[in-house]
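Hi,

Here is the structure I promised to pass on to you. Have a look at it first, and then read my notes below.

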Amino acid sequence: MVRAYLLYSEAAARDSRNPSYRANRDALASIAKLLTKADVETADVSADISAAVKSAETAPQNAEAEPPVEPASERLWERDERLQPVPHIKADASKHDFDIRGDEKFLFEQVTAAYGVRAIWDTELSAQPSIRFQIAGVDFHAAMEALTVATNTFVFPITEHMVFFAPDTEAKRNELEPSILLTFPLPDSLDERDLIEAANAVRGVLGLRSVGWDSFSRTVLVRDHVSRARAARSLLESVLLPKAQLSIEVQFVTLDSDRSYQYGASLPTAFQLIDFGHIGAFKSILPTLSSPVSFVALGSGATLFGIGLTSASLFATYSNSFSQALYDATVSVQDGQTVNFHIGDKYPIPQSLYTGFQQSSASIYNPVGEITLEDLGLILKLTPRLNGDGDISLDVEASVKSLGTQTFNTVPAIAEREFKGSVMLRETQWAVIAGLDEKTVTIAKSGFPGLSRIPGLNWIFSETTRDTQISHTLLLIKPTITRLPMSEADGPEYFLGTSRGERVLL
């Protein structure tokens, strides 16, 4: 039984979120202590239990795998049978002077009786004779502070008119110090991730393990011994303060221009050949001519042929188009958090296609293709961090996605350009991010083969089309501090070392 209690205690210390370990440990606690005191085991099992639990509590924990914050309900924690309402001492409010000498028990009785309170003490308290206690003009709380220091004890209330004294040792603290449940609301600007980080830090300092989180009421629950729970709540409240808040203005500017040139000579590339050999043939050809045509005659008599010539023209055209798009948005974000922007459209990209035989009957299943919506346009991620000197550092990730020119099995490729970097700004300064530019030049020529490639003659025997498309993309970012990080003027102070917390737990 004692060995089972030892193992369950170690298991509960290592995995505090497992309710079975805690239930079995608590169920075996009383019988294990009775067997130890009855000397059933020849070895000092109590020391082994304390050493095992202590080593389990101080063992390094994996914060990601086993976070100290466990989902809890404030109502269920309040109904715990081990938690009772904290009694409040109703002592005499008058001040008294003391100049007495004796052992600890005598001092306890004399001092508490002066305020109308009864004192009891731990049976293992070793009396030290001839202790002089002298103090003047103190109330009940001040008298208890001085008395516990003089006797190296700690005191806590049992009823409204009774207090309990015990030696101020780590073993007695763990055994006798009352456990309490302290609650406080989590600020609206924080989330559970911030609570887990703060609880990890507090646990490393105080060895705290029993921290709960009620997501319904956004309440943090701290359940532990009185001194440790109070210190843990003070530390968590001082750490879980609203973070700094920034307002980020984002402007997305695009300057697009399209210039098109077309010049050259428009010459015919097809010629009509007509037989003018006799009068009858000439009369039959005239109705087919829709417009006046010049002919070049070749031959004579019955071998007279005509080659039709159309008019040629020299031309030159120029067109220029210009467009500008402006996207302006403002978003508020906390210090260290990431904000996402998407400027553009969603395009369906097939993931699986069915190209087999389609059943004509509606009752027969035909596979349906699967698609995903791909974000096209500008995708922006910003993570601001407020530095101590007032500077603001921005981690920027920008990407521009568009449909590519290639297709794979009717699925278009996605062309993507990315920018990753960081920039340091002062408040209300603009950051301009460039580099997302694009330029496309297209040149097309048509004309007579060979003649269109001869220098000088290519202006007459060819037609040239030049198209230039330029796209300038500018990203402008301006951060503004809307709320400074909140901090207490005087942070909580605690003594670490041989002191084990408050001596007077009233």
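R218 sits in the loop that runs between β8 (211-214) and β9 (219-225); helices (H or I, at least four residues) and strands (E, at least two) are DSSP runs, numbered from the N terminus. Please keep in mind that this is a predicted model, in which local features need pLDDT of at least 70, side-chain atom pairs count only at pLDDT 80 or more, and totals for chains, interfaces and linings use all residues. Residues are numbered from 1 along each chain as its sequence is written, and side-chain values use heavy atoms, with hydrogens and water left out.

Although R218 is not a glycine, its phi is positive, at about 50°. R218 counts as partly exposed, at 25% relative accessibility (buried means under 20% relative accessible area, exposed over 50%, partly exposed in between, with a 1.4 Å probe and protein chains only). N152 is not a glycine either, and its phi is positive, near 55°. N152 is found in the loop between α6 (140-151) and β5 (153-159), and it is partly exposed, with a relative accessible area of 43%. As you know, most residues other than glycine have a negative phi.

**The chain as a whole**

The chain has ten helices and 21 strands. Of its 506 residues, 32% count as buried. Taking contacts (heavy atoms within 4.5 Å) between residues at least 6 apart in sequence, 73% join residues at least 24 apart.

**Helix α1**

Helix α1 (residues 2-14) has 13 residues and reaches 19 Å from its first C-alpha to its last, close to the 18 Å expected (1.5 Å times one less than its number of residues). Its buried residues are V2, Y5, L6, S9, A12 and A13. Seen down the axis of α1, these fall within an arc of 135° (taken from the directions from the helix axis to the C-beta atoms), so they line one face of the helix.

**The second largest pocket**

The second largest pocket holds about 300 Å³ of space. A pocket here is an open set of points on a 1 Å grid over the protein atoms alone, where a 1.4 Å probe fits, with protein on both sides within 12 Å along at least five of seven lines; lining residues have an atom within 4 Å of a point. The volume is the space filled by probe spheres set on the points, which are joined across faces, edges and corners. Of the 15 residues that line this pocket, V400, S402, R417, E438 and S471 are the closest to its centre. At least two lining residues each come from β10 (245-266), β16 (370-386), β17 (392-408), β18 (411-425) and β21 (462-483).

Best wishes
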